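The notes follow the order in which I looked things up.

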Amino acid sequence: MSWDELPVVVTVAPTGAEVTRADNPALPHTPAEIADDVVRCAEAGASVCHLHVREQDGSPSSRVELFAEAIERIRARTPIVTMVSTGGAVWMRVEERTSGLEAGPDLAGVETGSMNFGEDAFVTVPADARRIVERAGALGIGLEAEMFDVGHVVSAVRMLERGELPPPLRANLVFGVPGGIDATPEALEAMLRPLPPGTHWSVTAVGRHQRRMLALALLRGAGGIRVGFEDGVYLRRGVLAASNAELVADACELVRTLGRRVATVEEARELLACPARARSA
Ligand code: KMH
Ligand code: ZN
């Protein structure tokens, strides 16, 4: 399929770990709120949801019960692809970060390197990445590599070559995190260079260049883009988004404006080699 015919997988990351209701009062906290948001995002065109969970008071959590409840509520109402973060929050131990795997999502993210994350260290040493891959494999969960700098991409490709990361490589390239690669056309090319041909790659960007990076990615042939409060709370400069669904609708409009097509959930499952799992998590 030529790049312009490739349907675009739109992922929503509805809550993350760093953003708060002081940043945007519409941030979902509870599994029920997250599920409601994800359902609306699916209606707006999202085909994948990237999940973190929070306690009732909004603090980032690693409790498997919360992941399980969110996934169960989502699956009861939409076939959207569910993905859990194993990045968690910077202060979580790796064992805490990986609890979401036990909730039986379709996919999980895996970091393939370490970095500064703002003022903090966000550390995933190779042994941790291998453990995450192994546990996901044992549970039949597909993986998406979350990569914030060129070295992370090179490491993911090495893991793939060594058989430490199962094919296919699903690549999420993240731009603009302080401590990671910047959000520029040159950075996009640098992140793409190590990827094997045919890799399904998507782009996440934070900060003031977010929309430009997503547009650039779409014109460069990206297989996916990601939006949601985890990555940005503004619809436009100075305009807070009313909801995650509004961000997804806007992203889908961008896809269409640039002459591309938004993937359905069925198409996303095929493109990501991610068949629907049995409904019980
Ligand atoms: N919260 C960040 C420290 C991921 O989900 O894979 C890590 C993160 C990336 O959100
Ligand atoms: Zn995340």
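Predicted model: local features only at pLDDT ≥ 70, side-chain atom pairs only at ≥ 80, totals over all residues.

Which residues in H1 meet which residues in H2? On the H1 side I listed Pro31, Ala32, Ala35, Asp36, Val38 and Val39. On the H2 side I listed Leu66, Glu69, Ala70, Arg73, Ile74 and Arg77. I sorted the residues of this contact by class and got eight nonpolar, no polar and four charged.

I then looked up the geometry of the pair. The axes of H1 (residues 31-44) and H2 (residues 64-77) come within 8 Å and cross at roughly 35 degrees. I noted the crossing of H1 and H2 as right-handed.

Next I checked what else H2 lies on. I found H2 across strands E2 (48-51) and E5 (81-84), running at about 170 degrees to E5.

I followed the strands from there. E2 and E5 belong to a closed barrel of eight strands, E1-E2-E5-E6-E9-E10-E11-E12, with parallel pairing. Neighbouring strands of this sheet are turned by 25 degrees against each other on average, direction ignored. I looked at one pair in it: E10 (residues 170-175) and E11 (residues 200-205) pair in the parallel sense over six bridges. Arginine 170 stands opposite histidine 200 of E11.

Last, I took helices H6 (residues 185-192) and H7 (residues 210-220). Pro185, Leu188, Glu189 and Leu192 of H6 make the contact with Met213, Leu216, Ala217 and Arg220 of H7. By class I have six nonpolar, no polar and two charged residues for H6 with H7. The crossing of H6 and H7 is right-handed.

Note on methods. Residues numbered from 1 in each chain as written. Chains lettered and ligands numbered in written order. Heavy atoms only, no water. Left-handed = near helix turned anticlockwise from the far one by under 90°. Helix = DSSP H or I, 4+ residues; strand = E, 2+ residues; numbered from the N terminus. Contact = heavy atoms within 4.5 Å. Nonpolar A, V, L, I, M, F, W, Y, C, P; charged D, E, K, R; others polar. Axes fitted to C-alpha atoms, helices over the stretch in contact; angles between N-to-C directions. Pairing = 2+ DSSP bridges.
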